[in-house]
Amino acid sequence: MATDHIPFFGIKRQYQNIKDELLDVTDQVYASGQVLDGNYTEKFEREIALRCKRRYAIAVNSGTQGLYFATKALTDSQNSHILLPTLSFPATLNAVNQNNNFIDFCDIDDHGIIDLDSYNARVDHTTDVIVLVNLFGNTVDYDRFRMHTEFFNQDVAVLEDAAQSFGASYKDIPSGKMGAVSVLSFDPTKNFNSYGSGGMVLTDDEDIAYHVLNLRDNGKASDHGYWGTNSKMSEADCAQMLVKLQHFDSWQKRRSDIAHFWIENMPEEIIVPMPSTEFTEHAWSKFVIRTYPSRDRHDLIDYLSNSHIDTKVHYTQGLYDLPTGLAASNNVFLSTERFTKHCLSLPIYPELTDIEVERIVDTIYEFYRSS
């Protein structure tokens with residue numbers, strides 16, 4: 001029926017589809033008595049390292065913790081100079097702030113990721129770390145990004161925030177491989193999601209991996225010669241994620257099919273998201289349209305809501321406008337201001353039916369034809 005509710009997330013539907021597999025492997029974990037630091041964690045780390053073409057993959061409690069550990073491992077001391085894009089989830093900013101570093105911001109492009117034109121003006125000899133956020137499942141033009149980075153500062157380290165881009169790639173370079181260290185998130189809102197929390201730190205650098213292992217487990221890797229905390233995924237979480245990993249490629253194919261159908265059939269008043277380059281394989285973690293210049297997004301949100309279709313806004317403001325965005329009060333980021341005023345996220349997940357996929361775009365058409 002046209003009045004059936006379309007939720008923003010597909011977690012409940014996904015669970016029903018693979019419930020028996022999940023409960024079976026969870027029972028195996030609990031029956032074994034090994035609920036932390038066991039074979040499932042090791043296997044999950046190996047599988048993610050293989051997919052992301054990394055030497056090391058370290059499971060941690062959350063993507064937020066992973067970003068904090070990665071920043072800590074890349075900065076030998078406090079007061080490092082770190083460049084952030086203006087648009088991301090606050091966890092990206094918080095990881096940098098917790099390490100007491102100097103923050104500079106760089107505007108975004110039309111895709112919501114770091115603008116490589118304004119990036120040129122922001123990177124100089126003082127820049128220690130660049131945080132590359134592959135937002136919404138897109139990727140940066142990685143060749144161009146590396147060219148600029150290596151030209152301006154060969155010593156600058158790149159931290160890839162891949163919290164939303166697992167499954168994306170650029171010229172067969174997977175997201176999770178783009179930088180000295182990369183961080184994944186398995187938050188329930190992600191396209192590859194845990195039922196609690198979870199994250200992964202990825203690197204090819206042995207020293208960075210050693211540092212993160214100490215941070216994850218109270219310095220255990222160095223016989224407690226280095227401080228740390230307790231930040232782990234449980235064996236049950238890792239076992240469930242291994243089940244999901246077997247389905248991931250088919251899920252991503254479905255996401256891509258939905259995204260391309262909408263791109264081809266969305267009304268002309270809507271600016272649709274696109275891969276950042278012809279070489280980018282988008283993960284479609286989010287499908288973020290822009291409503292300007294024709295109609296106010298609030299009216300469209302209300303219209304979709306009245307049609308029982310959930311939407312969300314990612315994001316309402318740039319990081320520099322947050323109370324913790326300490327560094328950019330005198331800067332103007334025009335692209336970010338435009339993007340945050342007009343972006344709107346539609347529900348996209350593999351469990352959407354064909355009828356629902358068509359209904360969403362038809363309802364948007366109805367909105368624009370109703371006046």
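Analyst: This is a predicted model, in which local features need pLDDT of at least 70, side-chain atom pairs count only at pLDDT 80 or more, and totals for chains, interfaces and linings use all residues. Residues are numbered from 1 along each chain as its sequence is written, and side-chain values use heavy atoms, with hydrogens and water left out.

User: Where is His111 found?

Analyst: Helices (H or I, at least four residues) and strands (E, at least two) are DSSP runs, numbered from the N terminus. By that numbering, His111 lies in the loop between strand 3 (102–106) and helix 5 (116–122).

User: Is His111 buried, partly exposed or exposed?

Analyst: Buried means under 20% relative accessible area and exposed over 50%, with partly exposed in between (1.4 Å probe, protein chains only). Because its relative accessible area is 25%, His111 is partly exposed.

User: Which backbone oxygen does the side chain of His111 reach?

Analyst: Contact here means heavy atoms within 4.5 Å, and, not counting residues up to four places away in sequence, His111 touches Phe136, Asn138, Met274, Pro275, Ser276 and Phe339. At 3.2 Å, the side chain of His111 reaches the backbone oxygen of Met274.

User: With which side chain does the side chain of Ser175 make a polar contact?

Analyst: Ser175 sits in the loop between strand 7 (173–174) and strand 8 (181–185), and it counts as buried because its relative accessibility is 1%. A polar contact is a pair of N or O atoms within 3.5 Å; within protein, one must be able to donate a hydrogen and the other to accept it, and residues adjacent in sequence count only if both atoms are side-chain atoms. At 2.6 Å, the partner of the Ser175 side chain is the side chain of Glu160.

User: Why is strand 5 largely enclosed by the rest of the structure, and which residues cover its two faces?

Analyst: Strand 5 (residues 157–161) has 5 of its 5 residues buried, so it is largely enclosed by the rest of the structure. In a regular strand the side chains alternate between the two faces of the sheet. In strand 5 both faces are covered, with these residues all buried: on one side Ala157, Leu159 and Asp161, and on the other Val158 and Glu160.

User: Which residue of strand 5 is the bridge partner of Val133?

Analyst: Two strands pair if DSSP finds at least two bridges between them. Strand 4 (residues 129–133) pairs with strand 5 in the parallel sense over 5 bridges, and the bridge partner of Val133 in strand 5 is Asp161.
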